[in-house]
Amino acid sequence: MVMPDRAKADLLSRTPKVITEELQWRGQDNYRRRLEARVLAPELNEALKLVGFVGRTNYGFALLFKNHPIRKLNKHHKHRNSNGKLVFGMHKHTWDEVNRDKDSYIPNDIDPNGDIDDIFLAFLEEENIELREPYQRVLRAL
């Protein structure tokens with residue numbers, strides 16, 4: 001499987017994409033939920049995957065291309081970037097062929113203390129992903 005380079009990851013991120021299935025959070029208990037959906041990029045004739053999880057105190061969403069996480073948004077205690085710098089709390093990962101998804105930054109347009117569904121929908125919007133079917137909010141799924 002060929003690993004995407006940064007230019008390909010950036011192109012996939014900014015290209016309009018669609019999800020044509022209903023998004024539903026699924027889980028075994030009241031604290032952990034998972035989501036998975038196929039994401040289409042018609043202009044590039046590419047298929048990607050969206051995965052997400054919500055736990056008691058953390059969450060994460062990732063846009064995958066050929067199983068490589070080209071964009072991720074996570075909230076957990078801390079993350080160490082490739083340069084050794086620590087990032088605390090919510091952060092967004094980018095992709096390049098050298099550091100893979102090791103580097104991250106704190107987005108300034110998403111409230112880390114906001115509603116989890118609003119954060120998820122903001123991630124989709126930033127990744128240019130349009131929902132064509134209903135979305136089952138995670139809080140309703142709990």
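**Exercise 1.** In which loop is K66 found? Work out its backbone and exposure too.

*Solution.* Start with the ground rules: this is a predicted model, in which local features need pLDDT of at least 70, side-chain atom pairs count only at pLDDT 80 or more, and totals for chains, interfaces and linings use all residues. Residues are numbered from 1 along each chain as its sequence is written, and side-chain values use heavy atoms, with hydrogens and water left out.

Step 1: K66 is found in the loop between β4 (59–65) and β5; strands here are DSSP runs of E with at least two residues, numbered from the N terminus.
Step 2: K66 has a positive phi of about 50 degrees, although it is not a glycine.
Step 3: K66 is partly exposed at 44% relative accessibility (buried is under 20% relative accessible area, exposed over 50%, partly exposed in between, with a 1.4 Å probe and protein chains only).

**Exercise 2.** Now treat N45 likewise: where does N45 lie?

*Solution.* Step 1: The loop between β2 (33–41) and β3 (46–54) holds N45.
Step 2: Its phi is positive, about 55 degrees, and N45 is not a glycine.
Step 3: With a relative accessible area of 72%, N45 is exposed.

**Exercise 3.** Trace the pairing of β6: how many bridges join β5 to β6?

*Solution.* Step 1: Strands pair if DSSP finds at least two bridges between them. Antiparallel strands β5 (residues 68–80) and β6 (residues 86–93) are joined by 8 bridges.
Step 2: N74 has H91 in β6 as its bridge partner.
Step 3: The two strands form a hairpin with 5 residues between them, and G84 in the turn has a positive phi of about 95 degrees.
Step 4: β6 is also joined by 2 bridges to β7 (residues 104–105), again antiparallel, with K92 opposite Y105 in β7.

Methods. Helices (H or I, at least four residues) and strands (E, at least two) are DSSP runs, numbered from the N terminus.
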